[in-house]
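Dear colleague,

Please find the structure below, together with its sequence. The notes that follow set out what was found in it.

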Amino acid sequence: MENAMQAQVRQDSEAPTGDLTQEAEALCATPVQSPHSNDAWQSRCCDDVAMSSAVTLKMKESVGRLLTVGFLLVLGACAQAPRLLPAADRQPSPIAVTAHPLATRAALGMMERGGSAADAAIAAQMVLGLVEPQSSGVGGGTLALYWEAATGHLTSIDGLSSAPSRTTAGLTVDVDGSVLDAAVVRRGGRSVGVPGTLALFEQLHQRQGRLPWATLFEPAIELAEQGVPVPHYLHDVLAAAAPDSVPAQMRAVYFGVDGRVLPVGARLRNLEYATTLREIAAKGPRAWLQGGAAKAIVAAAQGGAKPSLM
């Protein structure tokens with residue numbers, strides 16, 4: 001299992017911080033600006049920002065890094081046009097865009113400490129696993145593009161989830177050839193792929209990281225232990241699910257004592273996630289998997305109407 005979780009690297013083209021948790025509520029209610037912001041960019045973007053990527057980060061020309069994790073993002077219109085200063089008066093500053101302001105703040109914090117765009121992406125992804133576990137996390141897959149301006153190299157790392165070695169002709173095809181209900185299969189273990197996110201980030205950090213590996217997990221661990229406001233999207237996803245389809249472990253984290261999903265804005269703490277991140281930060285992905293995590297992932301994928309064939 002753990003060997004199957006290693007991402008494949010290919011060269012696609014070549015050419016010549018403060019306390020995050022104390023600010024969580026405010027960050028979730030207002031746009032996030034870089035701690036390095038200056039007069040060169042004074043516009044504030046509207047709330048109607050649509051994104052489908054996990055993380056997009058850019059270091060200015062003086063650093064020369066561009067990293068995209070996930071797919072494309074689309075930014076909404078801005079409240080006012082940016083006012084640009086003459087080029088000679090501009091100061092280089094990092095840029096980070098993610099699906100949640102707390103993840104963006106974590107990314108900016110890594111770059112403020114001298115980290116690379118790769119470091120920032122890893123830190124942001126760990127926070128996204130807390131605030132949007134329905135879409136992101138260590139049990140998923142990731143694509144990364146890393147542009148090295150100084151050398152003109154564009155590197156892609158494919159860490160998308162892959163099908164297990166034992167599988168059928170298609171997601172809706174059972175082992176006996178019968179057709180399965182797609183809606184049922186999507187909610188069960190049969191749709192779970194072998195995760196590649198951690199393997200990808202390990203390779204990315206080895207190639208482009210500057211800060212220690214464990215440092216990149218600090219923001220997410222702190223937020224998971226102290227709590228974050230429940231986001232709208234996470235609340236809506238859980239509220240739409242049939243009550244009996246939510247495992248007991250999930251209910252203990254995301255539901256209140258009244259049996260209902262925690263309301264939007266309520267404090268969400270995920271101590272198990274914090275423990276998991278501490279282990280990955282201390283041991284690295286491979287040792288974490290070999291220490292029992294791979295078996296736990298397989299066991300979890302055995303749930304649902306149609307269990308995994310892993």
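The lining of the second largest cavity consists of seven nonpolar residues, with no polar and no charged ones. Here Ala, Val, Leu, Ile, Met, Phe, Trp, Tyr, Cys and Pro count as nonpolar, Asp, Glu, Lys and Arg as charged, and the others, Gly among them, as polar. The lining residues are Val 230, Leu 234, Leu 238, Tyr 254, Val 261, Leu 262 and Leu 268. The volume of this cavity is about 30 Å³. A cavity is a set of points, on a 1 Å grid over the protein atoms alone, where a 1.4 Å probe fits but cannot get out, and lining residues have an atom within 4 Å of a point. Grid points are joined across faces, edges and corners, and the volume is the space filled by probe spheres set on the points.

Please note that this is a predicted model, in which local features need pLDDT of at least 70 and side-chain atom pairs count only at pLDDT 80 or more, while totals for chains, interfaces and linings use all residues. Residues are numbered from 1 along each chain as its sequence is written, and side-chain values use heavy atoms, with hydrogens and water left out.

The protein chain contains ten helices and ten strands. These are DSSP runs numbered from the N terminus, helices being H or I with at least four residues and strands E with at least two. Of the 310 residues in the chain, 41% are buried, where buried means under 20% relative accessible area, exposed over 50%, and partly exposed in between (1.4 Å probe, protein chains only).

Helix H5 covers residues 197-208. From first C-alpha to last, H5 reaches 16 Å, close to the 16 Å expected at 1.5 Å a residue; the expected span is 1.5 Å times one less than the number of residues. Because nine of its twelve residues are buried, H5 is largely enclosed by the rest of the structure. Among the buried residues are Leu 198, Phe 201, Glu 202 and His 205.

Leu 211 lies in the loop between H5 and helix H6 (218-226). Leu 211 is buried, with a relative accessible area of 12%. Although Leu 211 and Asp 119 are 92 residues apart in sequence, their C-alpha atoms are 6.7 Å apart in space.

Strands S7 (residues 142-148) and S8 (residues 153-159) pair in the antiparallel sense over seven bridges; two strands pair if DSSP finds at least two bridges between them. Leu 145 stands opposite Ser 156 in S8. S7 and S8 form a hairpin with four residues between them, and Gly 152 in the turn has a positive phi of about 75°.

Arg 278, in helix H9 (residues 271-283), is partly exposed, with a relative accessible area of 44%. Val 175, in the loop between S8 and helix H4 (182-186), is exposed, with a relative accessible area of 54%.

Yours sincerely

Terms used:
1 Å grid on protein atoms, 1.4 Å probe; cavity = no way out; pocket = protein on both sides within 12 Å on 5 of 7 lines; lining within 4 Å.
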